[in-house]
Amino acid sequence: MKSSLWLPPEWSKKAVWYQIFPERFRNGDPANDPRIGDLSGAYPGNNDLAWQLHPWNSDWYQRQPWERNQRDIWYNIHRRRYGGDLQGILDKLDYLQDLGVNAIYLNPVFDSPSAHKYDSASYHHIDPNFGPDPDGDRKLIQSEIPDDPSSWVWTSADRLMRSLISELHRRKMRIIFDGVFNHVGYNHWAFKDLRKSQKNSKYGDWFSVNAWDDTASGSSFDYKCWYGVRELPEWKQDENGLVEGPKKYIFDCTRRWMDPDGNGDSSKGIDGWRLDVAFLIRHQFWKEWAALVREINSLAYLTAEIIDTVEANKPYLEGDEFHAVMNYNFAFACSDFFFDKKGISATCFDELLRKLRDAYHPETAYAMMNLFGSHDTNRLASHIVNGFPDYRDWSKYFDESLGRNRNYNVRKPNADEIRLQELFLIMQMTYVGAPMIFYGDEAGMWGANDPCCRKPMLWDDIEYFDEVFLPDDTKRAKPDPVKFNRELFSCYKKLIGIRNSHPALQIGKYETIVIDDEHEIFGFSRNLGREELLIFLNKSLDSQIIRVKTLSKGPFIDLLDEKGLFQVVNGEILLEIPACGGRIIMQR
């Protein structure tokens, strides 16, 4: 008999996550690039204007010739497509393995006209432009009865996704999909039928309709949508969550991607889900859906997007819904300590972290997705440049971190700011929880909040134009060179390698060992069996000397600088911690 408490799978505690925004990661197959008609139904919705596939290496804020007479830069950015696809991800798996990541979180990949794909036309098909035969796939899809799973086909894009899943599993890597189950897109097959057939649609009870087209009364079709965004109609809910029609469809799609052959072999399916805006769907739905996922694959991992307080997270993390959430509270605490120009003390930082560790079941902290930025934030490097005073004030932060905010600094980070990024990385890769990297942070990417955090990935085999233009169409005083940051990549690779090589950093016990508010030093240990690592972080602008008591005889080595050797004298280790730097030491 299964326990009622569904604990996180062991692999999720040892994961190093890498988030990929597929349309912007790599164009591996130019033959499947989107065309203007493929954008129909996506914001901003005008396909009569000139359009071309955007150059991957272009200056982000520079409008291309076909964009010059089309409103402002923000209108144009939403129309841009760069051609990233599944083949591009397959082509770069060696890169990801070399970096050391072992788990991939994909932003939405289902059929959709937008770049972000949170406006799905279907949950049971991969977007045709991500696969090798978009035209053939669309014709094949037309043969289906979309609400009858027995009629569903496997398109070439679907099959390529299955190949990607298989190849990742062969490499001992995991993959989760973004489940956007609160709403769909304007092009969704059920909503299209509803728009066409109105009251006569068989899907009339799948959505919350406020008004129908009615010439007699003069009313126009109106419906409930996500925060008023017309391109995102919401599924209908009752007291138990999504109503039966969309609920059954989602359950069928869940089976399709977790057990694609339908024979109980979950090894060929995805390893879990990240659930978009999970707080907008009632708990009972998630409990029933999670039970289905567990039935298909008891080792699956479920994490939710809930950007809220610890207390708000708790009902979702009781062992019958999600294993974890995207741990923005970890990001908030780290921002307060490392990057806020006023800053909190080491004592306050320690207290914030303790509250996060103690808030849930002891296993939960180890499976939390410890991120700093994502597709919904400004990039880590740009966050450091701008020094936001309160990341946790989400609505205020979101507005202030947009590139359209005239006070926002869109420049490239300097060497001192990159050092702070590396300091945070030491914390992220050694602390309790599974670290997550947003694609390109390791390559030196920077950018404001959505849509500027979604620039095309930096690759070392592409020559990029400098960033010269500003959002207001003026030019910078000095161009910002855009190129792959090999030194930063090496830092990420080294720290990920350290985490992957030491189980104590993945599942070991945590203990705070140094809190020095005056010198801005924070230190902790990670222990598992006979393995112990000591981590020290110095956020001050000066190197600091500290003494640490130990029962070990030593000597200790620094895993970040293997030339460093520290002797134990009278039960103490004498350490110099570099300015805006850290040490990870262990007994040799």
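**View 1. Strand S9 has both sides covered.** Tyr301 and Thr303 point one way from S9, Leu302 and Ala304 point the other way, and all are buried. Buried means under 20% relative accessible area, exposed over 50%, and partly exposed in between, with a 1.4 Å probe and protein chains only. Strands (E, at least two residues) and helices (H or I, at least four) are DSSP runs, numbered from the N terminus. The model is predicted: local features need pLDDT of at least 70, side-chain atom pairs count only at pLDDT 80 or more, and totals for chains, interfaces and linings use all residues. Residues are numbered from 1 along each chain as its sequence is written, and side-chain values use heavy atoms, with hydrogens and water left out.

View 2. S9 (residues 301–304) runs parallel to S10, joined by 2 bridges. Two strands pair if DSSP finds at least two bridges between them. Ala304 has Val325 of S10 as its bridge partner. Strand S8 (residues 272–275) also pairs with S9 in the parallel sense, over 4 bridges. Here Leu275 is partnered by Ala304 of S9.

**View 3. An open sheet of 8 strands has parallel pairing.** What is the order of its strands? The order is S10-S9-S8-S3-S2-S1-S12-S11. The edge strands are S10 (324–325) and S11 (369–370), and each pairs on one side only. Strands of a sheet pair through backbone hydrogen bonds, either parallel or antiparallel.

**View 4. Strand S1 is covered on both faces.** S1 spans residues 17–20. Trp17 and Gln19 lie on one side, Tyr18 and Ile20 on the other, and all are buried. S1 runs parallel to strand S12 (residues 434–438), with 3 bridges. Gln19 stands opposite Phe438 in S12. S1 also pairs with strand S2 (residues 103–106), in the parallel sense, over 4 bridges. Ile20 has Leu106 of S2 as its bridge partner.

**View 5. Helices H8 and H9 pack together.** The axes of H8 (residues 244–258) and H9 (residues 283–296) come within 10 Å and cross at roughly 25°. That makes H8 roughly parallel to H9. Angles under 35 degrees count as roughly parallel, over 145 as roughly antiparallel, 65 to 115 as roughly perpendicular and the rest as oblique. Axes are lines fitted to C-alpha atoms, for helices over the stretch in contact, and angles run from 0 to 180 degrees between N-to-C directions. H8 contributes Lys247, Ile250, Phe251, Thr254, Arg255 and Met258 to the contact, and H9 contributes Phe285, Glu288, Trp289, Leu292, Val293 and Ile296. Contact means heavy atoms within 4.5 Å. These residues divide into 8 nonpolar, 1 polar and 3 charged. Ala, Val, Leu, Ile, Met, Phe, Trp, Tyr, Cys and Pro count as nonpolar, Asp, Glu, Lys and Arg as charged, and the others, Gly among them, as polar.

**View 6. Helix H11 is mostly covered.** How many of its residues are buried? The count is 12 of 12. Among them are Tyr328, Asp336 and Phe339.

**View 7. H11 (residues 328–339) packs on H16.** The angle is about 135°, with the axes 11 Å apart. That makes H11 oblique to H16. The crossing is right-handed. Phe330, Cys334, Phe338 and Phe339 of H11 meet Leu420, Leu423, Phe424, Met427 and Gln428 of H16. The contact holds 8 nonpolar residues, 1 polar and no charged.

**View 8. H11 also packs on H12.** The two axes come within 10 Å and cross at roughly 175°. That makes H11 roughly antiparallel to H12. The H12 side of the contact is Ala346, Phe349, Leu352, Leu353 and Leu356, and the H11 side includes Asn329, Ala333 and Phe337.

**View 9. An open sheet of 6 strands has antiparallel pairing.** The order is S15-S16-S17-S23-S19-S20. S15 (509–516) and S20 (565–566) are the edge strands. S16 (residues 521–528) and S17 (residues 531–538) pair over 8 bridges. Phe522 has Leu537 of S17 as its bridge partner. Helix H12 (residues 346–358) packs on the sheet, touching S15 and S16. Helix H16 (residues 415–430) lies across S16, S17 and S23 (581–587), at about 155° to S17.

Definitions and conventions. Left-handed = near helix turned anticlockwise from the far one by under 90°.
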